[in-house]
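Subject: Handover of a protein structure

Dear colleague,

Please find below the structure that I am handing over to you.

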Amino acid sequence: MSKRDLKKYLNDLNKEQLEEQIIELYEKFSPVKVYYDFVFNPKEDRLLQECKLKISHEYFPLQTKGKRKKPKMRRSVAQKYIKHFLTLGVDPFVIADVMLYNIEIAQTFASENIIKQELFYKSMFNSFEQAIKFIISNGIITEFNSRLTGIYEEVLHQKWHNLPDFKAGIAVLEE
């Protein structure tokens, strides 16, 4: 069904029929429920804190029974939240904060641990590049420029082997 056909169908419904359909969608499909729950009660601060906590546990998991769990370091956890926030229409400042927080917490972890996986560094650069594009496209570069520069300086300080990629990424900001 095309969007045009859907509009025509919805125009043919009376108010009560339309309400019934929306309620049915709300009850039947979890993403619809999540969307409406957010639209009518957008607790972005709570969502942001929950998200940051989950991301930080990827690198610094909670101890259980006196043993420290092994960090999973999955970029996908942050990516899932970012995608979810984009779908909900969360404020771009919150999304950019999550994007940069993901890199910053990974850098904190890397400063304390030796990381041998090439994929880690590539993944962090991909996140950095994605954040720069998002921030520029939303016109919020001045608000996040210092954090982006801080990430680059930390890459420089930790001597990441993909430093030239980060340097090229940060150069985009200076144009």
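Helices and strands here are DSSP runs, a helix having at least four residues and a strand at least two, and both are numbered from the N terminus. Read in that order, the protein follows the pattern α-α-α-α-β-β-α-α-α-α-α. In total, there are nine helices and two strands. The radius of gyration is 21 Å, well over the 16 Å that the globule rule gives for 175 residues, so the protein is more spread out than a compact globule. Please bear in mind that this is a predicted model.

Overall dimensions and surface

The C-alpha trace spans about 65 × 50 × 30 Å along its principal axes. Of the 175 residues, 34% count as buried. The accessible surface comes to about 11800 Å², and carbon and sulfur atoms account for 54% of it. Among contacts between residues at least 6 apart in sequence, 66% join residues at least 24 apart.

The two ends of the chain

Leucine 6 belongs to helix H1, which covers residues 3-12, and is partly exposed, with a relative accessible area of 38%. Glutamate 175 lies in the segment after H9 and is exposed, at 79% relative accessible area. The C-alpha atoms of glutamate 175 and methionine 1 are separated by 44 Å.

Helix H7

Helix H7 comprises the 20 residues 118-137; at 1.5 Å a residue it should span 28 Å, and its end C-alpha atoms are 29 Å apart, which agrees. Its buried residues include Phe120, Phe125, Phe128 and Phe134. Which helices cover the buried residues of H7? The cover includes helices H4, H5, H6, H8 and H9. Just after H7, glycine 139 takes a positive phi of about 65°.

Salt bridges

The structure holds eight salt bridges. In helix H2 (residues 15-28), glutamate 19 and lysine 15 lie four residues apart, about one turn of the helix. Their side chains meet in a salt bridge at 3.7 Å, N to O. Glutamate 19 counts as partly exposed at 39% relative accessibility, whereas lysine 15 counts as exposed at 63%.

Lysine 28 forms a salt bridge with glutamate 24, the closest N and O atoms being 4.0 Å apart. Because lysine 28 and glutamate 24 are four residues apart in helix H2, they are separated by about one helical turn.

Arginine 74 and glutamate 58 also meet through their side chains in a salt bridge, at 2.7 Å, N to O. This pair links distant parts of the chain: arginine 74 is in the loop between strand E2 and H5, and glutamate 58 is in helix H4, 16 residues apart. Is glutamate 58 buried or exposed? Glutamate 58 is buried, with a relative accessible area of 7%, while arginine 74 counts as partly exposed at 38%.

Finally, Lys52, Asp97, Glu104 and Arg147 are linked in a network of salt bridges. Lysine 52 lies in helix H4. With a relative accessible area of 17%, lysine 52 counts as buried, because buried means under 20%. Leaving aside its neighbours within four places in sequence, lysine 52 is in contact with Asp97 and Tyr101.

Yours sincerely,
A colleague

Key. Residues numbered from 1 in each chain as written. Predicted model: local features only at pLDDT ≥ 70, side-chain atom pairs only at ≥ 80, totals over all residues. Heavy atoms only, no water. Buried < 20%, exposed > 50% of the residue type's maximum accessible area, 1.4 Å probe, protein only. Expected span 1.5 Å × (residues − 1). Contact = heavy atoms within 4.5 Å. Rg over C-alpha atoms; globule rule 2.2 N^0.38 Å. Areas by Shrake-Rupley, 256 points an atom, 1.4 Å probe, with all protein chains shown as cover.
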